[in-house]
Amino acid sequence: MAIERDRRCLAALDELAVAYPGRLDVVAGDALELDPARLSEPPRKIVANLPYNIATPLLLGWLDRTEDYESLTLMLQREVAERLIASPRSKSYGRLSVLVQWLAETRILFHVPARAFVPAPKVTSSVVAILPRAEPLAPARRPTLERITAAAFGQRRKMLRTSLKPLGFAVDTLLACAGVPPTARAEELTVAEFCALARALEEPPSSV
């Protein structure tokens with residue numbers, strides 16, 4: 001099955017569908033509005049060259065239901081691909097790194113130079129393999145993890161005892177419950193440590 005919004009490409013896809021009867025179903029529509037899991041039967045694998053301006057919401061939407069997909073092979077802007085695989089203390093490590101690595105294993109397969117496209121874009125692209133985990137990397141609720149990472153990376157150069165203050169909790173107690181030093185910065189924490197913070201945030205207010 002192929003989902004395509006650009007009507008200029010639909011005719012070419014229809015030709016492929018005719019050339020290989022029964023092997024390709026073409027769906028005209030917006031990938032942001034369609035649910036691939038409802039349009040196909042398992043096992044499912046997503047292979048896509050994503051529009052770079054909507055790549056992140058598409059990816060996070062699919063990973064919200066990791067049990068629906070065996071794998072995702074995606075072409076992304078290289079900068080975004082490097083965020084997906086980034087490790088703590090690296091310049092690319094951020095909120096997207098934490099959320100994706102919490103739910104999946106990621107690796108860059110290869111890079112695609114701008115000259116491979118017509119017209120050539122101003123960026124390099126990368127093809128990334130994403131394998132959803134059977135279980136998240138560590139226990140946490142996604143809304144709480146998103147809230148924690150948004151606050152932490154919203155002021156990534158500041159210590160967590162400052163950047164987490166907008167959460168409205170006693171930050172020093174929160175950090176102590178999670179076993180995280182108050183002088184640490186967001187870019188220094190592992191995915192598991194962010195999950196520990198998310199769990200601590202959900203403790204009764206009297207303990208945090």
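**Helix packing, pockets and backbone**

Modeller: In this predicted model, helix α4 (residues 78-85) packs against helix α5 (residues 95-103) at an angle of about 60°, and their axes are 7 Å apart. Because of that angle, α4 is oblique to α5. The crossing of these two helices, α4 and α5, is right-handed. On the α4 side the residues that take part are Val 80, Arg 83, Leu 84 and Ile 85, and they meet Leu 96, Ser 97, Val 100 and Gln 101 of α5. Sorted by class, this contact of α4 with α5 has 5 nonpolar, 2 polar and 1 charged residues.

The loop between α4 and α5 holds Arg 89. Although Arg 89 is not a glycine, its phi is positive, at about 75°.

A second helix pair can be described in the same terms. Two packed helices are described by the angle between their axes and by the distance between the axes. For helix α8 (residues 171-178) and helix α9 (residues 191-201), the angle is about 120° and the axes lie 8 Å apart. This angle is why α8 counts as oblique to α9. The crossing of α8 and α9 is right-handed. From α8, the contact draws on Leu 174, Leu 175, Cys 177 and Ala 178, and from α9 on Ala 196, Leu 197, Ala 200 and Leu 201. In the contact of α8 with α9 there are 8 nonpolar residues, with no polar and no charged ones.

The largest pocket has a volume of about 1100 Å³. Its lining comprises 32 residues, and those nearest the centre of the pocket are Ile 3, Ala 48, Asn 49, Leu 50 and Pro 51. Two or more lining residues come from each of β1 (2-4), α1 (7-19), β3 (45-49) and α3 (55-63). Strand β3 gives the largest share of this lining, with 5 residues. By class, the lining of the largest pocket divides into 21 nonpolar, 5 polar and 6 charged residues.

The second largest pocket contains about 150 Å³ of space. The residues that line the second largest pocket are Ala 31, Leu 32, Leu 34, Asp 35, Pro 36, Pro 57, Leu 58, Gly 61, Trp 62, Arg 65 and Tyr 69. Here the largest share of the lining, 4 residues, belongs to α3, a helix that also gives two or more residues to the lining of the largest pocket. The lining of the second largest pocket divides into 8 nonpolar, 1 polar and 2 charged residues.

The bond from Pro 42 to Pro 43 is cis, with omega near 0°. Pro 43 is located in the loop between α2 (36-39) and β3, and β3 is the strand with the largest share of the lining of the largest pocket. Val 118 and Pro 119 are likewise joined by a cis peptide bond, for which omega is about -5°. Pro 119 has its place in the loop between β5 (104-112) and β6 (125-132).

Conventions. Residues are numbered from 1 along each chain as its sequence is written. This is a predicted model: local features need pLDDT of at least 70, side-chain atom pairs count only at pLDDT 80 or more; totals for chains, interfaces and linings use all residues. Side-chain values use heavy atoms; hydrogens and water are left out. Axes are lines fitted to C-alpha atoms, for helices over the stretch in contact, and angles run from 0 to 180 degrees between N-to-C directions. Angles under 35 degrees count as roughly parallel, over 145 as roughly antiparallel, 65 to 115 as roughly perpendicular and the rest as oblique. A crossing is left-handed if the near helix is turned anticlockwise from the far one by less than a right angle, and right-handed if clockwise. Contact means heavy atoms within 4.5 Å. Ala, Val, Leu, Ile, Met, Phe, Trp, Tyr, Cys and Pro count as nonpolar, Asp, Glu, Lys and Arg as charged, and the others, Gly among them, as polar. On a 1 Å grid over the protein atoms alone, a cavity is a set of points where a 1.4 Å probe fits but cannot get out, and a pocket is an open set with protein on both sides within 12 Å along at least five of seven lines; lining residues have an atom within 4 Å of a point. Grid points are joined across faces, edges and corners, and a volume is the space filled by probe spheres set on the points.
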